[in-house]
Amino acid sequence: MPTQPVSSAPVDGVDVFDLGSEHEQVVFCNDSATGLKAIVAIHSTALGPSLGGTRFYPYASTADAVRDVLNLSRGMSYKNALAGLDLGGGKAVIIGDPAKDKTEALLRAYGRFVQSLNGRYLTACDVGTFSVDMDVVARECDFVTGRTVAHGGAGDSSVLTAYGTFQGMRASAEAVWGKPTLSGRTVGIAGVGKVGHHLVKHLVDDGARVVVTDVNPAAVEAMVAQYGATAVADSDELVRADIDLYAPCALGGALTDEVVDVLSAAIVCGAANNQLEHPGIEKALADRGILYAPDFCVNSGGVIQVADELEGFSFERAEQRASGIFETTQAVFALAKSDSVTPAEAADRLAERRMRGVGRLRGLYLPTR
């Protein structure tokens, strides 16, 4: 199953070399026998092998898949750097509907492609993939994290993704209200799936009131029944509600110009990746006096969890490392204030500083021969 060469010709109107000009490597993976169509994007290996999950999603076009994997892999470089990990940024997408197209044969074919990169890319779970899927991928590949506990893995990485996001919320609350707690505050969560439902528990235990929405009615009903959450019809209603903190926890692009215009919350802090629909949204939030906790800063608990698996997983050790997201978020806000920039720019600066400072000692990652 040879990888398909990357051409400079546009893919559905997207020039991969132009759009991925920062990236080290983009690999298109095709296996017609299983129906596998996948793209692996390695943004940077300056800090070490690239680590990022595999998203299984029914993209409308190849161009949409390319854009997503390039954005996500770049975000992983910044996330891993800011989290203090000796890992670069990569991501993979499998084009298809996981409910219909996911098979053992397809996952194993995908594993062979990842294996062919010989450790430059380490995969894990993401939207549409789970720890049991990583166990299947691992039957063909040595470079897999986020496996089930039964196979010596870290299990569900959404546990510490939610925990780390909650730590970011605490730091945000301290910056706005003076105390690192959400007690007595109303938090609106858009998306109560893999991560969001864990986050609801942390918030309720902290004394917060929680308002939730999700495209899956059963997920909302569970939060209402288990934690007394208040349900609203959709994200449009949620962002217009009287909430103190808005937490986007579904897919990216949740923060649009329209959302910023109507949002009543004083803080935005959620677990979704790539929350800003376009550059400039972070400035619009700042202009309205809304504190934005950069997504790749606060949602790094999951990657911290699966990265710990590379050392022989210890949940206690990973949880302790994820608790450091509180201090990292504080550092982002402090730099934003001292440099008179947005928190998003401050987080970028901290990540880039580490990639330059440590990365220059390492260069392009090549597996040991």
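In this predicted model, aspartate 133 has a relative accessibility of 7% and therefore counts as buried, the cut-off being under 20%. The side chain of aspartate 133 forms a salt bridge with lysine 102, with an N to O distance of 2.8 Å. This pair links distant parts of the chain: lysine 102 belongs to the loop between helix 3 (98-101) and helix 4, aspartate 133 to helix 5 (residues 131-137), and 31 residues separate the two. Lysine 102, at 21% relative accessibility, counts as partly exposed.

By the distance rule applied, the model contains 20 salt bridges. Another of these joins the side chains of glutamate 22 and arginine 74, again with an N to O distance given as 2.8 Å. Glutamate 22 sits in the loop between helix 1 (16-19) and strand 1 (25-31), and arginine 74 sits in helix 2 (residues 62-82), so the contact ties together parts that are 52 residues apart in sequence. Both partners are partly exposed, glutamate 22 at 47% relative accessibility and arginine 74 at 31%.

Aspartate 64 is partly exposed at 34% relative accessibility, as is arginine 67 at 37%. Elsewhere, Glu104, Arg108, Arg112, Arg139 and Glu140 are linked in a network of salt bridges.

Helix 4 comprises 13 residues (104-116), which at 1.5 Å a residue should span 18 Å; the end C-alpha atoms are 19 Å apart, in agreement with that expectation. Within helix 4, the buried residues include Leu106, Leu107, Ala109, Tyr110, Gly111, Phe113 and Val114.

A patch of negative charge is made up of Asp257, Glu258, Asp261 and Glu277. Glutamate 258 lies in helix 10 (residues 257-262), and aspartate 261 is found in helix 10 as well. Glutamate 258 is exposed, with a relative accessible area of 55%, and aspartate 261 is exposed at 60%. The C-alpha atom of aspartate 261 is separated by 33 Å from that of glycine 52, at a distance of 209 residues along the chain.

A nonpolar surface patch is formed by Tyr57, Val127 and Leu251, with about 220 Å² of accessible area together. Tyrosine 57 is placed in strand 4 (residues 54-57) and is partly exposed, with a relative accessible area of 31%.

Terms used. Residues numbered from 1 in each chain as written. Predicted model: local features only at pLDDT ≥ 70, side-chain atom pairs only at ≥ 80, totals over all residues. Heavy atoms only, no water. Patch = residues over 30% accessible without salt bridge, like charges linked within 9 Å, V, L, I, M, F, W, Y side chains within 5 Å. Areas by Shrake-Rupley, 256 points an atom, 1.4 Å probe, with all protein chains shown as cover. Salt bridge = Lys/Arg side-chain N within 4 Å of Asp/Glu carboxyl O. Lys, Arg positive; Asp, Glu negative; His and termini not counted. Charge placed at Lys NZ, Arg CZ, Asp CG, Glu CD. Helix = DSSP H or I, 4+ residues; strand = E, 2+ residues; numbered from the N terminus. Buried < 20%, exposed > 50% of the residue type's maximum accessible area, 1.4 Å probe, protein only. Expected span 1.5 Å × (residues − 1).
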